[in-house]
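Have the structure open as you read.

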Amino acid sequence: MKTDIQIAQETVLENAYKIAEKAGIPEDYLEPYGRYKAKIDTRLLKDDPTPDGKLILVTAINPTPAGEGKTTTTIGLADALTRLGKKTVVALREPSLGPVFGVKGGAAGGGYAQVAPMEDINLHFTGDFHAIGAANNLLAAMIDNHIYQGNQLNIDPRKITWKRCVDMNDRQLRFVTDGLGGRVNGTPREDGFDITVATEVMAVFCLAKDITDLKERLARMVIGYTYGSPAEEKPVTAGDLHAEGAMAALLKDALKPNLVQTLEHTPAIVHGGPFANIAHGCNSVTATRMALKLGDYAVTEAGFGADLGAEKFLDIKCRFTGMKPNAVVIVATVRALKYNGGVPKADLNQENLEALEKGLPNLLRHVSNITNVYHLPCVVAINRFPADTEAELALVEAKCKELGVNVALSEVWGKGSEGGIALAEQVLRLTEQDNSGFTYSYDLNDTIEKKLNDIVTRIYGGRKAVLTPAAEKQAAKLTSLGYGNLPICVAKTQYSLTDDPTKLGAPEDFDVTVRNIKVSAGAGFLVALTGEIMTMPGLPKAPAALQIDVDENGVISGLF
């Protein structure tokens, strides 16, 4: 069996100009980055009077080691819609180097449903993440330099909340002490690093409408607090440091979305990449708007399970932009559902209807959320594996139909667009349905505690959110500072509906512990950290980096 990278390397790609022509992008708006990649000038959004197409959101059950194939399904669905004669553009996030060299490997799809050139997309691409990291670290340098040069803003070094970043899983950098070696080397203080995709600059970058909005959002970012008692301290922003102009200068080219293609030459826009377990988990607003402008159908995905990525897409991104999906696809595999039912990974290829039925509530919870909380049309896509039996597939279909939701088999990994026709036909039918009943899962005018409780009870299926004493004080402080009416971005394990990664399926009667609440004023939301979630992941015992290599001809292997 060919690997993903072998399939990608054997595919003859069309040059960026031809893909742009297929998407309807005039040459004047194209900035090539080599043969197969290009940036799209954002002026196109203002200059093109074409009405927006229909928006299709792809999400999934909670991820497991068995895999769900959400990105693969997203790409395959776009190819299948193209095969059916529909003008389609797919919009995806850019992969982070941390997961590429860590556990997950590449994030460009798989089999015959990939975006290409996959090696470039998975590694350095067009340099967007480097620009985001540089802008973040420029602000960090300006904060410490301001303190060194006299500290006119009265910043308390102990209350600096801004961290440096690097786009790599590196647990050693979670907590550091810097500024050592005497006054000339800065002020000694406790510090730390986030992974680039978890930074507020990434969130701001992905939510900004244009350069002006970008600079305004950057200026609002809170970097720390002044000296004084909790009642006296005041937030200090990047705007107070006059850093937003230089940061925006580093980001101006990165803000333009990237045009690539699928292996079947469907136009693909890959741009931005916040994690969905510790950030809002959606590609950039600019990329989604561009896909809607260029395609009659725009297919996009939200990271991890629907409890994370889809919740944030709907409650944060849609709330900010006015977007409204015309259809939602929830991806699942029989293997992953059996894993949720207690079957060890080594035994997932054996038919086990009892375990499948035990694991199905995880899928059904996500389906119910989309249809009953958000009131959106929904279809379940079963990403079929060779070991799936007819009895298992029939059981999934029967349980979904009890909720009034249809199921379609997806075989795009092995068959490309041909394997996604059944799903595409279901999606086209859904996009003709009424989506005017779309609602959010919580009201912005409620208290921080009430919004957290609504997410826990309505989306996760738990009893309530339990705030630690520190989180209670933070909620009260943020409310007093005028941030209480912002949406909530919950940082939570992706492996469970709870904050405990070992609790699979659809648990009930559980609480979610919120241990920290911080403001991302530039992004426009509050971040609630739950359980043991961290903003800097670590590498596993056997990282994917051990398998990645390049030969004397520059051909990469081991990237999957």
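Predicted model: local features only at pLDDT ≥ 70, side-chain atom pairs only at ≥ 80, totals over all residues.

## A helix lying across a sheet

Spanning residues 448–460, α18 lies across β19, β20, β21 and β22. Its direction is at about 140 degrees to that of β19.

What order do the four strands take in the sheet? Reading across, you get β19-β21-β22-β20, in an open sheet with mixed pairing. The edges belong to β19 (464–467) and β20 (488–491); each has a single partner strand, so one side of each has no neighbour in the sheet. From one strand to the next, the twist averages 40 degrees.

## Inside that sheet, and another helix on it

Strands β21 (residues 511–520) and β22 (residues 525–530) pair up in the antiparallel sense, with six bridges between them.

Now hop over to β17, residues 378–383. Is this strand mostly covered or mostly exposed? Mostly covered: six of its six residues are buried. C378, V380 and I382 point one way, while V379, A381 and N383 point the other way, and all are buried.

β17 has parallel pairings to show as well. Strand β16 (residues 327–332) runs parallel to β17 and is joined to it by five bridges; here V328 stands opposite C378. Strand β18 (residues 406–410) also pairs with β17 in the parallel sense, again over five bridges. In that pairing, V379 has N406 of β18 as its bridge partner.

## Two helices crossing

Last stop: α8 (residues 200–207) and α9 (residues 211–220). Their axes come within 9 Å and cross at roughly 150 degrees. An angle over 145 degrees counts as roughly antiparallel, so that is how α8 runs relative to α9. The crossing of α8 past α9 is right-handed.

Which residues make the contact? On the α8 side they are V204, F205 and L207, and on the α9 side D213, L214, R217 and L218.

Definitions and conventions: Residues numbered from 1 in each chain as written. Heavy atoms only, no water. Axes fitted to C-alpha atoms, helices over the stretch in contact; angles between N-to-C directions. Parallel < 35°, antiparallel > 145°, perpendicular 65-115°, else oblique. Left-handed = near helix turned anticlockwise from the far one by under 90°. Contact = heavy atoms within 4.5 Å. Pairing = 2+ DSSP bridges. Buried < 20%, exposed > 50% of the residue type's maximum accessible area, 1.4 Å probe, protein only.
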